[in-house]
Structure formats: structure tokens, C-alpha cells
Amino acid sequence: MFNELKEIICEYVEINPGEITENSRFIEDLGFTSYDFMSMVGELEDKYDIEVEERDVIQVKTVGDAVKYIQSLQA
């Protein structure tokens with residue numbers, strides 16, 4: 001899932017996938033705007049057939065957080 005998420009991230013910001021780690025922060029390190037981030041969340045909901053809660057998504061700061069959150073919704 002981490003590699004799939006890296007590919008999706010690269011659709012929203014110009015970054016080399018090799019530079020993305022689980023500790024990469026979406027806004028501070030990867031350059032996401034809040035609009036980009038929420039657009040990506042919508043794409044993730046469709047791709048993984050999940051429903052993201054707005055109160056939960058504000059806790060997702062890093063790529064690793066996103067992977068764990070998506071996996072918890074799929075469980």
C-alpha cells in the first residue's frame with residue numbers, strides 16, 4: 001500500500017517517489033496544499049472503498065499515518 005500511496009502522491013505534487021518516506025509530512029515536506037490533500041483523500045476513498053471521517057483525517061500528518069489509517073478502515 002505504501003508504494004501505491006507514493007504513486008498517488010506524485011499525481012498531486014512534483015516530487016521524486018524515491019524521496020517519499022513513511023515519515024514524510026504531507027504539507028511541510030511534500031508541499032501539499034490543504035486542497036491537494038483533501039482531493040487526494042477523495043481519491044483514496046474511491047480507490048480503497050473507504051469513508052474517511054473529517055475529524056480523523058486532521059490527525060493524518062505523515063505518509064505512514066495515512067497508510068495506518070487506510071488499513072484501519074479496511075479491517
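Which residues line the largest pocket? In this predicted model, local features need pLDDT of at least 70 and side-chain atom pairs count only at pLDDT 80 or more, while totals for chains, interfaces and linings use all residues. Residues are numbered from 1 along each chain as its sequence is written, and side-chain values use heavy atoms, with hydrogens and water left out.

The lining turns out to be R25, F26, I27, E28, F37, M38, E54, V57, I58, V60 and K61. A pocket here is an open set of points on a 1 Å grid over the protein atoms alone, where a 1.4 Å probe fits, with protein on both sides within 12 Å along at least five of seven lines; lining residues have an atom within 4 Å of a point. Helix 2 and helix 3 (54-57) are the elements that give two or more residues to this lining, helices being DSSP runs of H or I with at least four residues, numbered from the N terminus. The space inside comes to about 200 Å³, taken as what is filled by probe spheres set on the points, with grid points joined across faces, edges and corners. Sorted by class, the lining has seven nonpolar, no polar and four charged residues (Ala, Val, Leu, Ile, Met, Phe, Trp, Tyr, Cys and Pro count as nonpolar, Asp, Glu, Lys and Arg as charged, the others, Gly among them, as polar).

Next comes the core. In soluble globular proteins, nonpolar side chains tend to be buried together. The largest nonpolar core has 23 residues, and I9, F26, L30, F32, F37 and M40 have the most contacts inside it. Such a core is a set of buried Ala, Val, Leu, Ile, Met, Phe, Trp, Tyr and Cys residues joined through side-chain atoms within 4.5 Å; buried means under 20% relative accessible area, exposed over 50%, and partly exposed in between (1.4 Å probe, protein chains only). Beyond four places in sequence, L30 touches I9, V13, I15, I20, S24, R25 and V63, where contact means heavy atoms within 4.5 Å.

As for charges, the count is two salt bridges, each a side-chain nitrogen of Lys or Arg within 4 Å of a carboxyl oxygen of Asp or Glu. D29 pairs with R25 at 3.0 Å between the closest N and O atoms; D29 is partly exposed at 39%, and R25 is partly exposed at 37%. E53 pairs with R55 at 3.4 Å, with E53 partly exposed at 31% and R55 exposed at 61%.
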